[in-house]
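Subject: Structure for you to look at

Hello,

Please find the structure below, followed by my notes on what was found in it. Please keep it open while you read.

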Protein chains: 2
Amino acid sequence: MVIQMQRAKKITLGTPEAITPVKFSNVNNNLIQGDVTYDTSLIRFKVTASGCVIEMPLDPDEEVFGFGLQLKGFDHRGTKKYLRPNADPVANTGDSHAPVPFYVTTKGYGVYVDTARYASFYCGFGKNKNRENIRNKAVAVTPEELYEKNKTDEITQMVIDIPAAKGVDLYIFEGDSITEIVAGYNQFSGGGCMPSLWGLGMFYRCYTRYTQEEIIKMADYFRENDIPCDMIGLEPGWQESSYSCSYLWDKDRIPDPDSLIKELRNRHYNINLWEHVFVNSTSPIYRPLNKYSGDFEVWQGLVPDFGTKEGVDIFSEYHKTNFIDKGILGFKLDECDGSDYTGSWSYPNCSEFPSGMNGEQMHSMIGNLYQQTILKALGNNRTLSEVRSAGALAAPYPFVLYSDLYEHKDFIRGLVNSGFSGLLWTPEVRHADSKEELIRRVQAVIFSPQAIINGWYIDKAPWIDMRATNEIKGLFEVRMQLVPYIYSAFYQYYKKGIAPVRALVSDYSSDQNTYKIDDEYLFGDSLLVAPILAGETKRTVYLPKGKWYDFWTNQKYKGGYHIMETDTIPVFVKDNSILPLAQPVMYMEEGTQFKLDIKVYGSGGTIILIEDNGMTYDTNYKEYILTGNKDEDEQVILDSSRYCINSVQYF
Amino acid sequence: MVIQMQRAKKITLGTPEAITPVKFSNVNNNLIQGDVTYDTSLIRFKVTASGCVIEMPLDPDEEVFGFGLQLKGFDHRGTKKYLRPNADPVANTGDSHAPVPFYVTTKGYGVYVDTARYASFYCGFGKNKNRENIRNKAVAVTPEELYEKNKTDEITQMVIDIPAAKGVDLYIFEGDSITEIVAGYNQFSGGGCMPSLWGLGMFYRCYTRYTQEEIIKMADYFRENDIPCDMIGLEPGWQESSYSCSYLWDKDRIPDPDSLIKELRNRHYNINLWEHVFVNSTSPIYRPLNKYSGDFEVWQGLVPDFGTKEGVDIFSEYHKTNFIDKGILGFKLDECDGSDYTGSWSYPNCSEFPSGMNGEQMHSMIGNLYQQTILKALGNNRTLSEVRSAGALAAPYPFVLYSDLYEHKDFIRGLVNSGFSGLLWTPEVRHADSKEELIRRVQAVIFSPQAIINGWYIDKAPWIDMRATNEIKGLFEVRMQLVPYIYSAFYQYYKKGIAPVRALVSDYSSDQNTYKIDDEYLFGDSLLVAPILAGETKRTVYLPKGKWYDFWTNQKYKGGYHIMETDTIPVFVKDNSILPLAQPVMYMEEGTQFKLDIKVYGSGGTIILIEDNGMTYDTNYKEYILTGNKDEDEQVILDSSRYCINSVQYF
């Protein structure tokens with residue numbers, strides 16, 4: 001995708017706070033050139049007794065997207081969003097694992113509000129305007145009729161209500177599409193992350209109570225059955241104390257951790273360790289961390305202050321020595337969000353931390369700070385890890401968000417929304433009540449940034465008793481076919497800030513038909529994915545203007561609405577593109593070579609394939625521009641140790 | 001019930017705000033004598049950049065109740081409560097139609113925090129305490145196991161986090177039981193309300209689209225079928241514009257309002273008009289109110305500022321002239337809560353009002369201010385009206401809370417919780433999916449402060465098509481039997497602040513068995529009500545120590561747990577009490593005389609029956625002390641124009 005030169009401007013209103021996401025990130029200020037077309041004289045700002053308030057007009061037909069990982073809402077026009085980080089959003093309120101004070105509109109701009117406070121965004125609320133008579137004669141007989149009245153055909157206000165702060169920096173980003181606007185925001189954040197190659201393979205998280213022997217048995221299962229798997233994740237049971245965390249091996253379950261690591265590595269697995277941030281008193285880092293921690297506990301454990309260098313150093317050095325230097329390159333950073341709806345755990349918003357943050361600011365930033373801390377420990381090693389909370393400017397972190405929630409529709413909406421805010425999200429698969437549900441869920445997860453099966457509470461892979469092994473294996477193989485393509489999409493994220501997963505409205509921002517579509521997404525530049533939900537057998541798919549090809553059958557489709565009734569997941573290839581599908585491998589290493597079946601659609605296209613070591617940051621990224629053209633077959637050439645061509649097909 | 005002398009103390013921390021509930025209420029400061037036993041040196045206070053924070057220790061076995069109309073939670077120890085007013089709470093978060101910053105504990109005290117901010121209460125959170133090793137070896141395999149860890153056997157903190165304010169007044173109330181503590185708070189609030197006698201009868205709200213003729217037909221239906229009914233309520237359809245409100249009759253539906261009022265009054269009905277507070281531009285009060293309104297609209301209508309005298313006067317004078325002087329003495333004050341979970345309507349928290357309130361403060365107080373405004377219009381007329389939001393210190397207002405939610409268990413929990421906070425609540429009955437559900441719901445509503453059937457979205461009384469008329473009529477008659485008893489309970493509320501509906505833990509505060517009971521309640525001093533939920537046929541009932549009598553069968557029960565499997569609602573009469581049950585009347589007027597069947601239980605007891613005009617505030621309350629004693633029958637004597645004795649029975 002070609003991206004225009006970024007247009008971005010910083011506007012300082014009042015006196016911004018000392019503690020904001022920008023201050024704790026490594027942003028690229030050079031991108032803020034100040035040349036936006038947005039009329040900044042329309043911005044109203046005031047300081048109040050409670051904090052400060054910004055008002056910016058919204059046109060009647062202006063739609064609003066973003067605000068981080070919103071699982072319950074999509075087009076936010078006419079609604080209120082309270083950006084409160086928590087693990088368990090239940091409604092379209094703004095509550096999120098990863099709320100981000102950044103939104104984009106269909107009028108070609110996005111606004112990032114640099115605050116770590118729980119800001120409220122009223123997306124189109126009307127000011128008192130001394131009206132002439134406007135009668136509302138409607139008499140509703142359902143609550144739905146009553147309360148769906150918040151949209152008008154008038155100019156209304158985006159009202160941004162920031163508690164405590166006496167000022168704030170706004171950043172306005174502009175672009176010809178939402179994809180461009182977000183790419184600008186992501187580049188400002190420091191660019192998208194570049195995951196390890198193995199991070200894009202299949203990922204299985206084991207039952208939390210597995211012993212060392214059972215873990216190895218599970219690892220052997222994949223190899224013996226030729227089912228692709230790159231990562232094995234260990235859940236809380238690996239630790240001696242997990243709520244709160246000791247970060248010590250439980251020797252009852254795992255008598256010889258070094259040998260476990262060695263055996264898994266020998267079987268070509270990368271290992272991912274579950275943990276959270278709350279430090280148990282039995283942990284070796286409890287005492288050194290104590291004075292760099294907050295004044296409240298969680299689960300009788302410390303809340304380390306990663307806003308202090310000392311807190312980061314103690315935590316990251318411990319992880320480097322005890323895990324990373326021993327070959328563990330993946331982590332699952334759990335519980336860093338907090339709860340409002342499930343048991344109300346975590347530290348109060350009024351907690352105090354040595355860095356000067358309060359609990360509110362810490363809740364907004366701890367996801368990012370925790371990722372930074374683990375990345376420091378990882379050093380030169382790339383990863384694709386997991387985290388349960390993230391905040392603003394998170395694009396550079398190679399961590400994927402996940403959730404304990406499980407509504408399939410919400411999980412898909414999470415994918416669609418994640419690309420508005422520099423976030424990655426996986427609709428991870430845990431259990432399923434039926435074979436059909438399991439397959440539907442796995443279909444969606446393989447078309448996501450991270451293909452996780454999370455068996456933490458089931459003692460056997462979920463497909464075994466359901467006799468779905470062949471189907472699941474087939475889907476895992478599809479994932480492995482897609483790895484070179486996804487790797488290229490991530491490289492584009494890394495270099496240009498273009499999110500690998502995007503809503504349709506993101507690329508097709510002037511197509512009004514896309515404004516309500518929260519269940520289809522673009523996966524890289526060439527694929528449109530429209531998952532069928534668990535429990536359903538068909539769905540309507542909207543294809544934007546142009547020609548599309550069914551990924552499975554190569555059947556041609558025109559833009560418009562199509563009913564897809566199918567056992568597979570509806571996936572469409574954009575006209576004039578080239579798709580490099582790999583022969584599935586069981587796992588990936590530095591020396592892995594992909595045998596590509598090149599598929600050229602329409603009059604062909606271009607993709608940049610990346611050859612690097614796949615493992616570290618100090619690698620050299622060799623770009624192979626793969627071009628396919630129906631009329632000139634000989635153009636598909638590739639001379640790479642990573643890739644070779646198996647076949648070329650034209651559609 | 002005998003109440004001890006109140007013990008109460010005011011503690012000023014920092015510099016309290018100018019706008020708080022106490023400043024907009026008519027509190028009884030004489031009650032605050034300062035003689036509490038609570039060790040106030042344990043209270044820690046600090047001002048922060050966000051507002052201010054109070055910490056007060058909680059003992060390991062100290063349980064916490066209150067915080068207003070909490071539909072989703074009961075014993076709040078170990079949880080966080082964010083007191084945000086809204087119409088649509090979905091979980092145990094503190095969200096409520098009527099959040100109140102007042103809590104009571106089982107250690108004999110209650111704390112009222114005088115703030116109109118959305119305060120957060122962390123009911124028992126642990127401070128960082130430099131621990132010795134405490135390992136947590138448990139490895140959970142369900143999210144429930146994971147997150148139910150917030151209770152410890154240690155002293156933890158009640159942390160009260162108040163945004164924006166730089167100080168606050170705390171009021172500590174003490175008593176031997178929670179009932180006494182709350183009575184002190186209610187007396188401080190100005191005492192409980194004294195409703196009109198007719199307010200305790202049956203109340204039917206008509207289909208919103210009924211015409212004048214259909215309303216009269218519905219009114220005739222009750223009289224023709226000898227079904228008791230005192231009040232007819234009209235829903236939005238009576239107004240020409242209802243979202244927002246014109247407060248003008250819709251002449252298409254109601255061509256002759258004066259005649260409608262007259263016809264209903266002739267049939268001995270009191271009338272209740274639905275409205276909300278947002279003023280449509282076609283309303284006669286739109287222009288005069290405009291400058292006494294907030295800077296944001298709701299549904300294109302004004303948000304009047306009842307923090308200004310002018311706003312109150314314009315609104316109340318209009319209501320007096322147009323409704324009250326014409327004979328309408330009841331109102332349903334809808335939509336004054338706002339929404340976070342259903343369409344996000346209402347004005348932003350950062351709205352500004354001429355009185356100096358912001359939207360947050362207005363949201364916390366508008367329910368009370370709206371009630372005050374309507375009470376001003378009502379003048380000397382008593383009522384029992386409805387309101388959808390209330391706040392702190394609301395006991396004096398004769399308005400009952402209701403909700404669009406409908407989960408039966410939550411509705412019962414609302415009853416149980418309401419008595420902790422000076423609130424009244426009705427589990428109103430709307431539709432039912434079965435005859436059985438309808439009956440279960442009506443069983444509960446007749447044992448509540450206000451017996452409403454709200455048919456706003458159904459064009460026929462719900463029992464008719466279900467062939468449940470006889471059963472429903474029978475239940476309505478039970479309600480009418482109870483009126484003298486309920487009236488006495490309200491008089492006790494009025495004089496002593498003792499809530500008419502109370503949790504078991506309220507009277508039996510040292511009985512640990514009551515600490516989790518959120519589905520039984522005391523109704524007045526002699527009845528214990530344990531509703532069976534819609535969809536269920538039996539339940540376990542806990543009876544506190546002592547002897548109890550089945551209200552329906554007179555069977556004796558001992559204290560303890562009993563399984564009740566019955567088509568009726570389990571109701572128990574406390575030993576040694578006297579119950580005056582009236583022969584049912586169809587409606588109540590100033591001259592109504594109740595023929596009483598007196599039931600004396602155990603060795604008998606005392607109740608104060610009230611004779612007054614039942615209608616106005618300037619009445620003389622004559623108290624009749626009715627005493628029953630098994631051994632001396634002749635003691636049951638009554639010489640009153642309101643009451644006469646039909647029979648006396650001993651059990």
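Chain A has 651 residues, for which a compact globule would have a radius of gyration near 26 Å; the chain has 24 Å, which agrees. That radius is taken over C-alpha atoms, and the globule rule is 2.2 Å times the number of residues to the power 0.38.

Two remarks on how to read these notes. This is a predicted model, in which local features need pLDDT of at least 70 and side-chain atom pairs count only at pLDDT 80 or more, while totals for chains, interfaces and linings use all residues. Residues are numbered from 1 along each chain as its sequence is written, chains are lettered from A and ligands numbered from 1 in the order in which they are written, and side-chain values use heavy atoms, with hydrogens and water left out.

Chain A as a whole

Along the principal axes, the C-alpha atoms of chain A fill a box of roughly 75 × 70 × 55 Å. The chain has 11 helices and 28 strands; helices (H or I, at least four residues) and strands (E, at least two) are DSSP runs, numbered from the N terminus. Buried residues make up 69% of the 651 residues in chain A. Here buried means under 20% relative accessible area, exposed means over 50%, and partly exposed is in between, with a 1.4 Å probe and protein chains only. The accessible surface of chain A comes to about 20600 Å², and 47% of that belongs to carbon and sulfur atoms. These areas come from the Shrake-Rupley method with a 1.4 Å probe, and for residues only the protein chains shown count as cover.

Of the contacts in chain A with a separation of 6 or more, 73% are between residues 24 or more positions apart. A contact means heavy atoms within 4.5 Å.

How the two chains are related

A sheet in chain B

Chain B has an open sheet of 6 strands in the order β18-β19-β20-β23-β21-β22, with antiparallel pairing. Which strands stand at its edges? They are β18 (501–503) and β22 (556–565) of chain B; each has a single partner strand, so one side of each is left without a neighbour in the sheet. From one strand to the next, the twist averages 25°.

Two strands pair if DSSP finds at least two bridges between them. Strands β19 (residues 521–523) and β20 (residues 527–529) of chain B run antiparallel and are joined by 3 bridges. B:Leu522 has B:Leu528 in β20(B) as its bridge partner.

A helix in chain A

Helix α8 (residues 408–418) of chain A has 10 of its 11 residues buried, so it is largely enclosed by the rest of the structure. Among the buried residues are A:Phe411, A:Ile412 and A:Arg413. Their cover includes β4 (64–68), α9 (435–446), β18 (501–503) and β19 (521–523) of chain A.

Some backbone details

Most residues other than glycine have a negative phi, and most peptide bonds are trans. The peptide bond from A:Tyr243 to A:Ser244 is cis, with omega near 0°. A:Ser244 lies in the loop between β12 (231–234) and α4 (257–266) of chain A. In chain B, a cis peptide bond joins B:Tyr243 and B:Ser244, with omega about 0°.

A:Asp226 has a positive phi, near 55°. This residue is in the loop between α3 (212–224) and β12 of chain A. Is A:Asp226 buried or partly exposed? A:Asp226 is partly exposed, with a relative accessible area of 42%.

B:Ser344 also has a positive phi, near 55°, and is found in the loop between β14 (330–334) and α7 (359–378) of chain B. B:Ser344 counts as buried, at 3% relative accessibility.

Regards

Definitions and conventions. Axes are lines fitted to C-alpha atoms, for helices over the stretch in contact, and angles run from 0 to 180 degrees between N-to-C directions.
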